[in-house]
Amino acid sequence: MDHYEVQARLAILEQQFKTAESIYLDNNQLDAAMEMYQDLHKWDEAVQLAEIKGHPDVESLRRAHTQWLLDTHQEERAGQLKEAEGDFSAAINMYLKAGMPAKASRLATSVTELREDPEMISRIATALLKADLFEQAGELHEKVGQQQKALESYRKGHAYSRAVELARHMFPSG
């Protein structure tokens, strides 16, 4: 009963994960603490612990976490992680795979390099149109300077006030 492993496992059974983590860390068992979190599908905690303790395999742990999210069809969460890491293209791909083109559009319009990627914008716009999110597609087109496509999208989505506003902006003298 006095062995650290027994104490840690008892803490886990009582769902006292931070206590179990402390027991492992007090006994220089960082890998065991990280493994505990992975076994419990608490990948965020495992990655955070690896980062705090400067574990040399933190990058492979992040990749494993992302792969686990994809394997369990949690593309939105994978996209959020990629976005937090600054990998915006991967985040957009995850959001599109998750069927969340509006979230992909929001990200694309907030990052200058992505706004200037015509292929990425086209993929997002296509996904928005397929999801009948015409007004959001119009906003996307408008923000990247494609006013004609924005007008078409606004009209398809019956967002006539937005279409009129854009037309007045495009042709102020008319």
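Reader: How many Å separate the centres of domain 1 and domain 2?

Author: Domain bounds come from an automatic or database domain assignment. Here domain 1 spans 3–72 and domain 2 spans 101–170; their centres, taken over C-alpha atoms, are separated by 43 Å. This is a predicted model, in which local features need pLDDT of at least 70 and side-chain atom pairs pLDDT 80 or more, while totals for chains, interfaces and linings use all residues. Residues are numbered from 1 along each chain as its sequence is written, and side-chain values use heavy atoms, leaving out hydrogens and water.

Reader: How is a pair of aromatic rings described?

Author: One gives the distance of the centres and the angle of the planes. Rings of Phe, Tyr and Trp (its six-membered ring) pair if their centres lie within 6.5 Å; planes under 30 degrees apart are stacked, over 60 edge-to-face, and the rest tilted. By this rule there are two aromatic pairs. In one of them, the ring centres of Tyr4 and Tyr24 are 6.4 Å apart and the planes lie at 80 degrees, so the pair is edge-to-face. Tyr4 belongs to helix α1 (residues 4–13) and Tyr24 to helix α2 (residues 17–26), 20 residues apart. Helices are DSSP runs (H or I, at least four residues) and strands likewise (E, at least two), numbered from the N terminus.

Reader: Which residues of α8 meet α10?

Author: Contact means heavy atoms within 4.5 Å. Pro101, Ala102, Ala104, Ser105 and Ala108 of α8 meet Ile121, Ile124, Ala127 and Leu128 of α10.
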